[in-house]
Each structure stands twice: as C-alpha cells, then as structure tokens.
Amino acid sequence: MATRHCHVLIVGGGTAGITVAASLRKRGGGLDIAIVEPSDQHYYQPAFSLVGAGQYALDDTRRRVETLTPPGVTLIRAGAGAFRPDADAVDLTNGDTVTYDWLVVATGVVLDWDKVSGLRETLGQNGVCSNYSPEYAPYTWQCVQALKPGAKIIFTQPPLPFKCPGAPQKAAYLTADYLRGKGRLQDTQIDYYVHAPVIFGVPYFARELVKIAARYGITVHYQHNLVAVDGPNKMATFENVGGDDQGKRIEVPFDMLHASPPQSPPEVVKSSPLANQTGFVEIDQNTLRHTRFGNVFALGDVCSAPNSKTAAAIRKQAPVVARNLLAAIAGRPVEESYDGYASCPLTTGIGKAIMAEFIYGGKVTPTLPLDPSKERGINWWIKKTALPVFYWRYMLKGREWFLKHNTGFTGDAEP
Ligand SMILES: Cc1cc2nc3c(=O)[nH]c(=O)nc-3n(C[C@H](O)[C@H](O)[C@H](O)COP(=O)(O)OP(=O)(O)OC[C@H]3O[C@@H](n4cnc5c(N)ncnc54)[C@H](O)[C@@H]3O)c2cc1C
C-alpha cells in the first residue's frame with residue numbers, strides 16, 4: 001500500500017478523461033496530472049451503432065489507453081475504490097491511495113443489465129443483442145442477417161438518463177433499412193418500446209423521427225419499460241409506466257431483441273460524498289465545478305449536468321473544465337460556461353442521417369448552415385468517416401476545433 005500525491009487527478013480514462021487531460025496539457029502550466037483507469041482498452045463508442053449494422057469494424061473502434069494518454073500525463077492502471085473528498089484522497093482498487101489538489105471525475109456510466117431480469121444471461125444468444133457493448137454489437141449484425149421472413153423484432157429504449165439517446169433508434173432504422181434493401185421489410189414486424197412518453201427529448205427532432213419510424217412501418221409503444229427477458233422462450237416482458245394501464249405487464253414474443261440497458265454511475269461514485277441523490281456527481285451545470293467540494297470538477301456521462309450524454313457534449317465540456325480548473329488554481333473567478341451542447345448524428349438509414357445538435361432547453365443549435373431537420377448523405381459521411389478521425393486525431397489530442405455552434409437558429413420554433 002503506497003500513497004502518492006498529484007496536482008490534478010483524473011478518474012477515468014475514457015472519452016472525457018483523455019480529452020480533459022489533453023486540454024489541460026495543451027494549456028501548459030506544468031501541472032503534474034495523473035489518470036486512474038483500470039481498463040487497457042479505450043473504445044470509440046459512437047461507432048458501435050455502425051458495428052451493429054455491418055457498417056464498421058469493431059477493431060477500428062478500439063485503441064490501447066496508454067497510446068492515447070497525453071505525453072507528460074501519468075497513467076495509473078487501477079480503479080478508484082473510494083472517494084474521500086474531505087481528505088482530498090482517492091483509494092484505489094490496488095490498495096494504493098492518491099491524494100490530490102484538484103480532482104476531475106470522469107468514470108462514465110455502467111450498463112445495468114441486471115436491472116432487467118434474465119437479460120444478462122441471454123445476451124449474445126437467442127437473438128438478444130445490444131449495440132451498447134462492444135462484446136455484443138457484432139452479434140446485432142449477425143442477428144439482423146439471420147432474420148427470416150415473418151420475423152418479429154423488438155427494440156427497447158430505457159429510462160433516462162442513458163448515453164446517446166439516439167442510439168436505440170439508430171439500431172432500429174439501420175436494421176429496417178437493411179431489410180428494406182433486401183425487399184423483406186414488409187414481411188417483418190418491428191416494434192419499438194420506449195420508456196418515455198416521447199421518442200426523443202427535443203421536439204424539433206422528435207417530429208421528424210416519428211415520421212421516419214412510420215415510414216419503415218415501425219410501431220412505437222410509449223411508456224413501456226423492459227423488465228424481463230426469457231431468452232430460450234424468446235419472450236420479453238414490459239411494464240407500462242404511464243397512463244391508464246400503468247403497472248400492467250405485457251409479454252411480447254420476439255425473434256430478435258435489441259436491448260438498450262438502463263444505465264447509472266458506477267457504485268463507487270453513487271456511494272460517495274460527491275454524488276447527488278440520483279448518484280451522479282453533483283456539479284454546477286454551467287461551470288462543471290462541484291457544488292460542495294470546490295476542488296472537484298466532473299464531466300462526461302457521470303456528471304449531473306442535464307445534457308444529452310454524448311461524446312459531442314464532452315468535446316464542449318472539456319475546454320470549460322480545463323479553463324475553469326486553471327482559473328481556480330490561479331485564484332481567478334471560474335467564468336467559463338457550458339451551455340448544454342450535445343450532438344447526435346441520427347442514422348435514419350444506410351447512407352443518411354439527421355444531425356441533431358442542441359443545448360439546454362432543447363434549443364436547436366446547428367454547426368453547419370443546413371436545415372438540421374433533413375436527412376442527408378453528408379451527415380452519414382460525417383458520422384462514419386469524419387467524426388472518428390476527428391475524435392482520435394483532434395479531440396483526444398486537445399485540438400479544440402469547431403467549438404462554436406449557431407445559438408441564433410430560429411427554425412426550431414413550434415410550427
Ligand atoms: C451505442 C452507443 C452509441 C453512441 N453514439 C454516440 C454518438 O453518435 N455521438 C456521440 O457524441 N456519443 C455517442 N455515444 C455516447 C458516448 O460514447 C459517451 O457519451 C462517451 O463515451 C462518454 O464518455 P465518458 O468518458 O463519460 O465515459 P466512457 O467513455 O465510458 O469512459 C469512462 C471510463 O472510466 C473508467 N472507469 C469506470 N469506473 C472507474 C473507476 N472506478 N475508476 C477509474 N476509472 C473508471 C472506465 O473504464 C472508462 O474507461 C454513444 C454510446 C454508445 C454506447
């Protein structure tokens with residue numbers, strides 16, 4: 001058991017942890033920065049949706065964490081086992097302790113498969129797949145290709161918050177478009193069960209998405225939560241979570257079930273003094289600074305900011321955390337403000353996507369001067385080709401391009 005000290009300790013070396021470390025390094029300051037990360041693999045998760053549609057190789061989503069750690073930053077291969085913010089210390093899973101002057105929490109969220117009875121046991125077999133995990137995304141594509149005429153397919157969308165609120169729909173539209181291309185769509189029954197009373201949280205895009213689902217003949221069932229899966233008997237159980245039938249359960253047979261699991265912060269965060277009542281790290285939604293521990297910041301999926309949990313959000317959060325952290329170190333006021341920006345390239349078919357970009361309050365804020373409600377080929381190219389390059393070569397390297405989005409867009413007013 002050893003204790004070491006560092007100036008800035010970043011917990012989590014995923015999208016948020018690496019990006020904020022790179023952002024801090026770019027700004028100089030000679031800080032002694034360490035990242036605590038138990039895994040040796042880092043995934044570009046936004047491409048998992050494409051892996052599940054046979055459009056991207058899983059290997060291309062993966063890099064070793066040590067190759068991404070910015071020069072001069074120490075990588076500690078362990079997990080955080082306990083946060084002790086009163087002592088400015090984090091106990092690691094290997095028995096060591098790291099003390100810090102400043103802490104950045106970036107652990108992401110975990111996939112709560114076990115909140116759905118029987119789901120974990122049957123994942124990867126019996127037609128039960130999920131793009132949410134690199135282990136099972138390739139199986140989605142296998143399931144899609146194996147579908148027989150007359151097949152019944154179920155897609156689920158879990159309770160919010162979960163990462164990439166568009167990902168469950170992407171799986172549905174890419175599958176439907178593949179079947180359309182094979183001339184088999186009309187022989188297939190596709191049902192989409194969503195926990196929320198709407199298909200997407202931003203009305204401007206929800207209006208378009210409802211039409212796209214209808215175009216594919218997908219039946220959308222609102223306020224339904226997946227509670228159990230019987231893999232061998234190919235039966236899913238949903239609970240109605242709103243309206244007159246609240247509490248009522250229904251059983252639905254399937255040939256293929258694409259499950260998007262419930263998600264929440266890791267237990268070590270939930271049970272720490274850093275968490276709010278829902279388990280997320282309690283930060284100010286603009287400065288991203290902890291509301292009770294002034295030397296703590298958080299970003300990415302684990303923070304309590306009510307933005308859409310996406311890598312795109314982190315691209316805008318990281319410079320805010322870096323600037324505010326450096327200001328705080330220098331004793332200056334913390335003035336940088338994150339506006340809730342998130343982006344989701346909604347792949348509505350193979351070769352086309354809607355680029356959904358928005359900030360707090362559901363205000364639409366496109367980056368390109370194009371009507372953001374339209375499906376476009378260029379958005380597919382951005383999603384499949386440009387964004388992965390941008391991610392590895394720019395975002396994770398602290399090259400902060402395209403930080404501006406159009407907050408003056410007025411086309412999202414109610415029709
Ligand atoms: C299917 C899918 C599709 C998506 N599509 C898009 C998209 O199109 N566009 C988009 O912008 N975003 C998309 N996302 C979301 C995006 O990938 C995430 O929002 C983003 O990766 C979150 O980054 P993060 O750093 O917060 O968490 P992660 O990248 O998950 O990293 C968290 C890191 O913390 C580590 N960690 C966990 N516990 C501990 C601990 N106790 N101690 C130390 N380290 C720990 C983990 O090992 C991990 O490396 C998608 C995600 C999925 C799954």
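1. Y173 is buried at 2% relative accessibility, where buried means under 20% relative accessible area, exposed over 50% and partly exposed in between (1.4 Å probe, protein chains only). Y216 is buried as well, with a relative accessible area of 6%. The model is a predicted one: local features need pLDDT of at least 70, side-chain atom pairs count only at pLDDT 80 or more, and totals for chains, interfaces and linings use all residues. Residues are numbered from 1 along each chain as its sequence is written, and side-chain values use heavy atoms, with hydrogens and water left out.

2. The structure holds 15 aromatic pairs. Rings of Phe, Tyr and Trp (its six-membered ring) pair if their centres lie within 6.5 Å; planes under 30 degrees apart count as stacked, over 60 as edge-to-face and the rest as tilted. The ring centres of Y173 and Y216 are 6.1 Å apart and the planes stand at 25°, so this pair is stacked. Y173 belongs to helix α6 (residues 167-181) and Y216 to the loop between α7 (203-215) and β13 (219-221), so the pair ties together parts that are 43 residues apart in sequence. Helices (H or I, at least four residues) and strands (E, at least two) are DSSP runs, numbered from the N terminus.

3. For F200 and F205, the ring centres are 6.4 Å apart and the planes are at 90°, so the pair is edge-to-face. Both F200 and F205 are buried. One aromatic cluster takes in F200, Y204, F205, F358 and F409.

4. Backbone points to check come next. Most residues other than glycine have a negative phi, and most peptide bonds are trans. L160 and P161 are joined by a cis peptide bond, with omega about 0°. P161 sits in the loop between β11 (152-157) and α6. In the loop between β11 and α6 there is also C164, which has a positive phi of about 50° although it is not a glycine. C164 counts as buried, at 18% relative accessibility.

5. Q223 is a residue other than glycine with a positive phi, near 55°. Its place is the loop between β13 and β14 (224-230). With a relative accessible area of 26%, Q223 is partly exposed.

6. Salt bridges number 13, a salt bridge being a side-chain nitrogen of Lys or Arg within 4 Å of a carboxyl oxygen of Asp or Glu. E400 and R27 form one of them, at 2.9 Å from N to O. E400 lies in the segment after α10 and R27 in the loop between α1 (15-26) and β2 (33-36), so this pair ties together parts that are 373 residues apart in sequence. E400 is partly exposed, with a relative accessible area of 26%, and R27 is partly exposed, with 28%.

7. R180 and D177 meet through their side chains in a salt bridge of 2.6 Å, N to O. Both residues lie in helix α6, 3 residues apart, about one turn of the helix. R180 is partly exposed at a relative accessible area of 48%, whereas D177 counts as buried at 5%. R64 forms a salt bridge with E66, and the closest N and O atoms are 2.9 Å apart. R64 is partly exposed, with a relative accessible area of 41%, and E66 counts as partly exposed at 46%.

8. Two surface patches deserve a note. Patches are made of residues with over 30% relative accessible area and no salt bridge: like charges are joined within 9 Å, nonpolar side chains (Val, Leu, Ile, Met, Phe, Trp, Tyr) within 5 Å. Accessible areas come from the Shrake-Rupley method with a 1.4 Å probe; for residues, only the protein chains shown count as cover. K26, R63, R393, K397 and R399 form a positive patch. Lys and Arg count as positive and Asp and Glu as negative, without His and the chain ends, and the place of a charge is NZ of Lys, CZ of Arg, CG of Asp or CD of Glu. R63 lies in strand β4 (residues 62-64) and counts as partly exposed at 37% relative accessibility.

9. A nonpolar surface patch of about 370 Å² is made by L368, L370, I378 and W381. W381 is in helix α10 (residues 377-393).

10. E121, in helix α4 (residues 119-122), is exposed, with a relative accessible area of 60%. E121 and V229 are 108 residues apart in sequence, and their C-alpha atoms are 9.2 Å apart in space.
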